[in-house]
Amino acid sequence: MPSLFVLGGARSGKSRYAQHRAEATGLSPVYIATAQAWDDEMRDRIHLHQQDRGPAWSTVEAPLALAEAIRAHNASDAVVLVDCLTLWVTNLLLADRDIPAATTDLTKVIAGARGHVVLVSNEVGLGIVPENALARRFRDEAGRVNQAVAAAVGEVQLVVAGLNLTMK
Amino acid sequence: MPSLFVLGGARSGKSRYAQHRAEATGLSPVYIATAQAWDDEMRDRIHLHQQDRGPAWSTVEAPLALAEAIRAHNASDAVVLVDCLTLWVTNLLLADRDIPAATTDLTKVIAGARGHVVLVSNEVGLGIVPENALARRFRDEAGRVNQAVAAAVGEVQLVVAGLNLTMK
Amino acid sequence: MPSLFVLGGARSGKSRYAQHRAEATGLSPVYIATAQAWDDEMRDRIHLHQQDRGPAWSTVEAPLALAEAIRAHNASDAVVLVDCLTLWVTNLLLADRDIPAATTDLTKVIAGARGHVVLVSNEVGLGIVPENALARRFRDEAGRVNQAVAAAVGEVQLVVAGLNLTMK
């Protein structure tokens, strides 16, 4: 089934674009959040975003077990929106998980999906080399995940200032 | 009337591209600088840039009241070049102004302009999340302004290494 | 002869793309490395990369004298791959060399090349202004070199997440 990867900068409008594309399929939309509700403030913010998306959407949290969450919620009449891969890479890094293995799992799930899969990620490699070693490692891992996902999907859109550019 | 938004990175050639496009209209060119002459060195640099643009151009300084400056200098036989929005956002942030309200004013002036309007801005969201909280806030505000202006204009060009890519 | 400039972010797949394009010419490939082997670890890494490229490639180190290295190894039956200009700019900056003069030499060599020339560089200007003064200077110099090289070559590709976008 078709899959879409939406790549963009901070405040580029990438999540809104991805949401519109997911809704345009007319399928039953499932939002897979990689953000974790650490405290009440975060829980409130996640709740507000849920209300923004409206009652048609169901929401699932998958800070680490992303491939499993897509597999569990992907059906031929569903569209799954993953927002975002950058946060997922951060979570894997902080939990000291095997990122290449998790990436392989993810790309297999995308390739075998019965319904639509839409994935959102940040492009973070177009600035100066970060001075912080953890930030450099994150940048490397995020870049590798973005390349692997871009290779696995059928369509890639780069979003800049709310406008999309077809990369694939 | 047509309006053009030129978005690019640092040292991408975005200002030169915007200036060429403004001159190619054949209209009377007005340069609206958002930079402020804080000291003599800055005053000298601004003066040098003015000489570079040549005698056809008139120059106006608008570090904060940008919508007003465009409104005042926009005429059916004029092209107004705003360089750049990123510095304007910085000025608004440091002066603790209402950035969403100022952005709405700006997009209204663009939509209602009688002459050509060309606006230049930096894309700053494609690197690593800044460690500095003010830099993060600036990045968010600049991204929102870029999205709003991109939606308001008729044409958007992304400039990378001196080459332009049509986004809209 | 045709020349190609491959611009991309960190971990964007730009080097792999450039290598594929060089090999697709069917010409005798020469790799010009701007990285310097400061210690045994670096020497080992450079050796590993050489083995990855395979026995068809010959490798030359040119941390500073890049124009000379291209001139020396460029022949009508050869393709020269320079990886990467960003590191070369760093080397020039740290050695306190005249970067505009070196850039002019480089663009002359590209324009006069008898064989294919493929050059790789990082786009580093799409993040927040760096707080570090040397990083700001590097960003300015790298941006100017990228503009000059993009103007001198026949083809420019921007690589994002392993996908290429034709800029020229």
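1. In this predicted model, a salt bridge joins the side chains of A:D140 and C:R11, with an N to O distance of 3.2 Å. The rule finds one salt bridge across the interface of chain C and chain A. Across that interface there are also seven residue pairs in polar contact, with both residues at pLDDT 80 or more.

2. Which elements give two or more residues to the side of chain C that touches chain A? They are α6 (133-152) and β7 (163-166) of chain C. The largest share of that side comes from α6(C), which supplies three residues.

3. The extent of the interface can be stated in residues and in area. Contact involves 22 residues of chain C and 20 residues of chain A. The size of an interface is often expressed as the accessible area that is lost when the parts come together. Between chain C and chain A, the buried area is about 1,700 Å², and carbon and sulfur atoms give 67% of it. Of the area that chain C buries against chain A, 38% is supplied by C:R11, C:A161 and C:L163, more than by any other three residues. C:R11 is also the chain C partner in the salt bridge with A:D140.

4. Helix α6 of chain C deserves a separate remark. C:R137 has its place in this helix. Once neighbours within four places in sequence are left aside, C:R137 is in contact with C:L93 and C:I99. In the case of C:L93, the separation from C:R137 is 44 residues in sequence and 8.8 Å in space, C-alpha to C-alpha.

5. Is A:N122 buried or exposed? A:N122, found in strand β5 (residues 116-122) of chain A, has a relative accessible area of 14% and is therefore buried, the limit being under 20%. Its contacts, apart from neighbours within four places in sequence, are A:L7, A:G8, A:G9, A:A10, A:K14, A:C84, A:T86 and A:N146.

6. The hairpin may be described in chain B. Strand β6 (residues 155-160) of chain B pairs with β7(B) in the antiparallel sense, over four bridges. Two residues lie between the strands of this hairpin, and B:A161 in the turn has a positive phi of about 50 degrees. Within the pairing, B:N164 of β7(B) stands opposite B:V159. Strand β7 (residues 163-166) of chain B has B:L163 and B:L165 on a covered face, while B:N164 and B:T166 are on an uncovered one.

7. For the superposition of chain C on chain A, the turn is 120 degrees, the shift along the axis is 0.0 Å and the RMSD is 0.0 Å. Of the residues of chain C, C:G127 comes closest to the rotation axis, with its C-alpha at 2.5 Å.

Definitions and conventions:
Residues numbered from 1 in each chain as written. Chains lettered and ligands numbered in written order. Predicted model: local features only at pLDDT ≥ 70, side-chain atom pairs only at ≥ 80, totals over all residues. Heavy atoms only, no water. Buried < 20%, exposed > 50% of the residue type's maximum accessible area, 1.4 Å probe, protein only. Pairing = 2+ DSSP bridges. Contact = heavy atoms within 4.5 Å. Buried area = accessible area lost by both parts, 1.4 Å probe. Salt bridge = Lys/Arg side-chain N within 4 Å of Asp/Glu carboxyl O. Polar contact = N/O pair within 3.5 Å; in protein donor to acceptor, adjacent residues only side chain to side chain. Least-squares fit on C-alpha atoms with pLDDT ≥ 70 in both.
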